[in-house]
Amino acid sequence: MKSASRLYAVQALFQMEVSGQTVEDVTREFETHRFGATYEEGEFAEGNVDHFRAIVAAAVNWQARIDQLTDRALIAAWPIDRIDPVLRALFRAAGAEIVDLATPPKVAITEYVDVAKAFFPDGKEPKFVNAVLDHMAREAKPEAF
């Protein structure tokens with residue numbers, strides 16, 4: 001259920017960025033309409049609502065620090081504002097777990113590489129995500145390595 005919560009958190013952060021919705025509006029929408037819902041296109045997984053809320057709140061509260069970590073992990077020619085908005089949301093969600101939550105960094109990296117595979121099943125993005133998150137985690141929590 002935490003894995004589904006991570007996927008939803010990335011989607012929620014993406015939605016907040018592109019729509020300008022508040023964190024309260026987006027979390028309410030996801031909790032009401034996504035968690036465990038069934039639609040024509042299929043059934044949405046149940047998620048851990050508390051974990052979802054914690055990720056989204058930490059991503060918003062720590063966004064400046066997370067974005068700085070991400071910028072340092074990216075090559076100089078690619079600041080965070082130039083990368084794909086889905087990847088930006090993913091880095092913010094993963095960064096929230098690395099910076100503020102009790103999730104072990106190696107677990108967060110593995111989980112968010114899997115999220116990247118869900119969004120980019122045929123691309124090189126999962127390897128890119130792995131490299132960036134590894135760099136972010138080693139800087140934020142070096143004692144975990």
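How many helices and strands does the secondary structure of the protein come to? Let's walk through it.

## Overall fold

The protein has 7 helices and 2 strands, where helices (H or I, at least four residues) and strands (E, at least two) are DSSP runs numbered from the N terminus. Read from the N terminus, the order is α-α-β-β-α-α-α-α-α. The radius of gyration is 14 Å, close to the 15 Å that the globule rule gives for 145 residues, so the protein is as compact as a globular protein of that length. That radius is taken over C-alpha atoms, and the rule is 2.2 Å times the number of residues to the power 0.38. The C-alpha trace spans about 40 × 30 × 25 Å along its principal axes.

A word on the basis: this is a predicted model, in which local features need pLDDT of at least 70 and side-chain atom pairs count only at pLDDT 80 or more, while totals for chains, interfaces and linings use all residues. Residues are numbered from 1 along each chain as its sequence is written, and side-chain values use heavy atoms, with hydrogens and water left out.

## Burial and contacts

Of the 145 residues, 43% are buried; buried means under 20% relative accessible area, exposed over 50%, and partly exposed in between (1.4 Å probe, protein chains only). Among contacts (heavy atoms within 4.5 Å) with a separation of 6 or more, 68% join residues 24 or more positions apart.

Glu97 is worth a look. This residue sits in helix 5 (residues 85-99) and counts as buried, at 0% relative accessibility. Beyond its neighbours within four places in sequence, Glu97 touches Arg6, His51, Ile55, Thr103, Ala108 and Tyr112.

## Aromatic pairs

There are 3 aromatic pairs in the structure. Rings of Phe, Tyr and Trp (its six-membered ring) pair if their centres lie within 6.5 Å; planes under 30 degrees apart count as stacked, over 60 as edge-to-face and the rest as tilted. Phe30 and Phe52 are stacked, at 5.8 Å centre to centre with 25° between the planes. Phe30 belongs to helix 2 (residues 23-33) and Phe52 to helix 3 (residues 49-61), so their pair ties together parts 22 residues apart in sequence. Phe30 is buried at 0% relative accessible area, and Phe52 is buried at 0%.

Phe91 and Phe128 have ring centres 6.0 Å apart and planes at 70°, so this pair is edge-to-face. With Phe91 in helix 5 and Phe128 in helix 7 (residues 125-140), the pair ties together parts 37 residues apart in sequence. Phe91 is buried at 0% relative accessibility, whereas Phe128 is partly exposed at 32%. Finally, Tyr8, Phe30 and Phe52 form one aromatic cluster.
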